[in-house]
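Subject: Structure for your review

Dear colleague,

Please find below the structure that I am handing over to you. My notes on what was found in it follow directly after.

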Amino acid sequence: MAFEMITVDTEDYVALIRLNRPDALNALNSQLLDELCTALEEADGSEKVRCIVITGSEKAFAAGADIKEMSEKSFVDVFTENMFAGANDRITRIRKPVIAAVAGYALGGGCELAMACDFIIAADTAKFGQPEINLGVMAGLGGTQRLTRFVGKSKSMDMNLTGRFMTAEEAERAGLVSRVVPAKKLMEEAMAAAQKIAEKSMLSVMAIKESVNRSYETTLAEGILFERRVFHSMFATEDQKEGMSAFMEKRQPQFRDK
Ligand code: HXC
């Protein structure tokens with residue numbers, strides 16, 4: 001599929017997906033979301049990709065769902081087409097790790113897209129918010145759900161009810177982002193993190209992603225049991241033997257995803 005609203009560059013086992021609708025601050029319209037999901041699925045299925053990075057521009061990761069596209073829709077339209085359910089489901093099904101590298105605005109659907117990634121590295125210029133309330137609607141791609149789990153009820157209520165923006169510093173303090181870096185270093189840091197992940201065994205990487213995500217879906221006891229079962233299963237892999245032998249032999253492991 002030829003992409004018009006994103007670019008994809010794959011190098012050294014990392015796929016870099018850049019949202020590229022500068023005139024609309026990367027507002028998420030249906031074409032952009034479809035291209036993004038398709039690119040994610042292609043990367044997930046490619047042997048040349050072991051980690052994925054999604055980014056936007058210096059000014060905006062994404063300023064939300066496309067208000068112009070949404071404005072004329074009726075309840076029947078959005079209910080019938082199940083607006084954003086497809087994108088949410090497709091992103092959630094990606095098994096390889098996805099890092100959001102966020103500079104500038106990550107608002108509404110943009111903030112929700114970043115939260116749907118596995119972790120967020122933010123530039124010190126990043127601004128997060130769920131301003132849908134100012135449009136007479138509410139979040140629709142996880143803004144009342146993922147944000148609440150990440151930053152707690154009080155701050156999520158504050159963000160969703162007032163529509164105010166959070167700085168990168170506040171987002172880090174609240175646990176929304178994993179690290180904040182100077183804007184000039186954002187891509188270097190994000191690509192280095194992706195590179196580091198790409199060197200690991202994909203079996204461990206995908207099992208960890210599945211297990212951490214499980215913690216949001218189940219009780220602690222069930223989650224611990226799930227983790228233990230997956231942990232036990234890793235002893236059936238060659239990479240477990242290689243990783244532990246390499247440690248004892250004081251050398252770097254050569255993982256083969258087997
Ligand atoms: C469509 C958008 C847009 C959006 C910006 N633009 N955000 N178009 N949908 N979400 C367009 C503007 O219309 C303008 O185009 C161009 O991008 C530049 O934006 P400006 O407003 O001129 O820039 P600036 O003054 O710097 O202000 C930046 C901003 C502001 C603070 C980010 O654009 C803004 O408030 N945007 C809307 C943010 C928002 O409400 N997001 C939530 C959307 S609802 P023109 O052609 O006029 O120059 C949502 C629902 C989620 O996300 C549900 C699940 C996905």
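How many of the residues of strand 5 (residues 98-102) are buried? Five of its five residues are, and the strand is thus mostly covered. Please bear in mind throughout that this is a predicted model.

**Strand 5 and its partners**

The cover on strand 5 extends to both of its faces. On one side Val98, Ala100 and Val102 are buried, and on the other Ile99 and Ala101 are buried as well. Strand 5 pairs with strand 3 (residues 51-55), to which it is joined by four bridges, the two running parallel. Within that pairing, Ile54 lies opposite Ala100 of strand 5. Strand 5 is also joined to strand 7 (residues 119-123), again in parallel and through four bridges. Here Ala100 has Ile120 of strand 7 opposite it.

Four strands make up an open sheet with mixed pairing, and their order is 4-6-8-9. Strand 4 (60-62) and strand 9 (165-167) are at the edges; each has a single partner strand, so one side of each lacks a neighbour in the sheet. From one strand to the next, the twist averages 20 degrees. Strand 4 runs parallel to strand 6 (residues 105-107), and two bridges connect them. In this pair, Ala62 faces Ala106 of strand 6.

Helix 5 packs on this sheet and touches strand 4, strand 6 and strand 8 (127-129). The direction of helix 5 is at about 90 degrees to that of strand 6. Helix 5 (residues 109-116) is itself mostly covered, with seven of its eight residues buried. These buried residues are Gly109, Gly110, Cys111, Glu112, Leu113, Ala114 and Met115.

**The ligand**

The ligand is surrounded by 23 residues, of which the closest are Lys59, Ala63, Ala65, Ile67 and Gly109.

- Gly109: 2.8 Å from a polar backbone atom to an oxygen atom of the ligand.
- Ile67: 2.9 Å from a polar backbone atom to a nitrogen atom of the ligand.
- Asp23: 3.3 Å from a polar backbone atom to an oxygen atom of the ligand.

Taken alone, the ligand exposes 1,000 Å², and 67% of that is buried by the protein. Helix 2 (67-70), strand 6 and helix 5 are the elements that contribute two or more residues to the shell around the ligand. Helix 2 makes the greatest contribution to this shell, with three residues.

**The hairpin**

Strand 1 (residues 6-11) and strand 2 (residues 14-19) are paired in the antiparallel sense, with six bridges between them. In this pairing Thr10 stands across from Ala15 of strand 2. The two strands form a hairpin in which two residues separate them.

With kind regards

Terms used:
Residues numbered from 1 in each chain as written. Predicted model: local features only at pLDDT ≥ 70, side-chain atom pairs only at ≥ 80, totals over all residues. Heavy atoms only, no water. Buried < 20%, exposed > 50% of the residue type's maximum accessible area, 1.4 Å probe, protein only. Pairing = 2+ DSSP bridges. Axes fitted to C-alpha atoms, helices over the stretch in contact; angles between N-to-C directions. Contact = heavy atoms within 4.5 Å. Near = heavy atom within 4 Å. Polar contact = N/O pair within 3.5 Å; in protein donor to acceptor, adjacent residues only side chain to side chain. Areas by Shrake-Rupley, 256 points an atom, 1.4 Å probe, with all protein chains shown as cover.
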